[in-house]
Amino acid sequence: MQVFIDSIKGLWNNSVFTNAEPLSFVMIGIAFILIYLAIAKKYEPLLLLPIAFGMLLTNIPGGNMFHPELFAAKDIDFGMVLREGGFLDILYLGVKLQIFPLLIFLGIGSMTDFGPLIANPVSFLLGAAAQAGIFITFIGAYALGFTFPEASSIAIIGGADGPTAIWLTTRLAPELLGSIAVAAYSYMALVPVIQPPIMKLLTTKKERTVKMAQLRHVSKKEKLFFPIIVTVMVGFIIPDALPLVGMLMMGNLIKESGVVDRLVKTAQNELMNIVVIMLGITVGATATAANFLNLKTLMIIGLGLGAFAIGTAMGVLFGKIMYVLSGKKVNPLIGSAGVSAVPMAARVSQKVGQEADPNNYLLMHAMGPNVAGVIGSAVAAGIMFNLFG
């Protein structure tokens, strides 16, 4: 009988109820909310759901699945991680070594059609204009007391590109990874909510009803040369952006080559899905109570929203400039797609345009700035890393 009682006492002493800190329950509650938003509201469920579950796992006391202290030092003792780390510690090496974000960029490239951008190269300017939100927010974050690396990681949220935000934050401010990842993917999910009011505020109904001429046909040869040329140009000018841009362009090249269908299907499906699961759950694991429940997190969420809103506004405003310079042939709404939330931002441009005129079709025109924004945010991340890494 005494053995049974001692066993019950041992189970109780090792349970959550005797080891948990109150803040752990707060984080578990936040994880439940994110799970609800992912499933019930379908807010970026492919990544928000794994992130939320990773957050749940890491905040259950005694689970020992993730140990932030193993990654606190600048020079990580990989042997110790392999010997003493939990399951999520092992997976997190894929984030820390930049493997997962780059593989996701490979998958994105294999699913992206650069034809609209090639057909209308001026779209690059709209994609570049939308990145202004990153650099303006960087100045604001630094003014609020964040360090240059932290400010860079926060500002990149404005690009609305989750993998890029994770890639840069892991290299510059890994202690902020959980907060920045949740903010980045939340705002990506809220693109249809955040962007339309800004777009309508900055444009007139007349501007929103502009119908753009059909894009020219893009040849297969152009589509083959494009990823190679972009890779070489970025590699020569901003080599720090080459990992992201290079993997994006490689994915696109294998898609457009037409000779490696098996690789394309793997990059688009099996590889992408596996990496998304591992990336999401490990990024969520970094959102411990100590890292997440503080004033910095609230400031990151606010600054991230500001970065995204500014990026949208700058894209639309530059679209208005093009509207004037083109003789009213460019619809300013496509500038909002310069943020790199592909293809959601382009769909929002289409939706807002059709609210003004149901017969207006802007989707393909908006895809040009949209894919330019993917390249632009990767280049911006490379610049930030070059300056502060």
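Q: Which residues in α7 meet which ones in α19?
A: From α7 you get Phe100, Pro101, Leu103, Ile104, Leu106, Gly107, Ile108 and Met111, and from α19 Leu271, Met272, Val275, Val276, Met278, Leu279 and Thr282. Contact means heavy atoms within 4.5 Å.

Q: How many of those are nonpolar, polar or charged?
A: That contact of α7 with α19 has 13 nonpolar, 2 polar and no charged residues. Nonpolar is Ala, Val, Leu, Ile, Met, Phe, Trp, Tyr, Cys and Pro, charged is Asp, Glu, Lys and Arg, and the others, Gly among them, are polar.

Q: Before I go on, what sort of model is this?
A: This is a predicted model, where local features need pLDDT of at least 70, side-chain atom pairs count only at pLDDT 80 or more, and totals for chains, interfaces and linings use all residues. Residues are numbered from 1 along each chain as its sequence is written, and side-chain values use heavy atoms, with hydrogens and water left out.

Q: OK, new topic: how many helices and strands does the protein have?
A: There are 23 helices and 0 strands. Those are DSSP runs numbered from the N terminus: helices are H or I with at least four residues, strands E with at least two.

Q: And how much of the protein is buried?
A: Buried residues are 53% of the 389. Buried means under 20% relative accessible area, with a 1.4 Å probe and protein chains only.

Q: What does the C-alpha trace span?
A: Along the principal axes of the protein, about 90 × 45 × 40 Å.

Note on methods: Buried means under 20% relative accessible area, exposed over 50%, partly exposed in between (1.4 Å probe, protein chains only).
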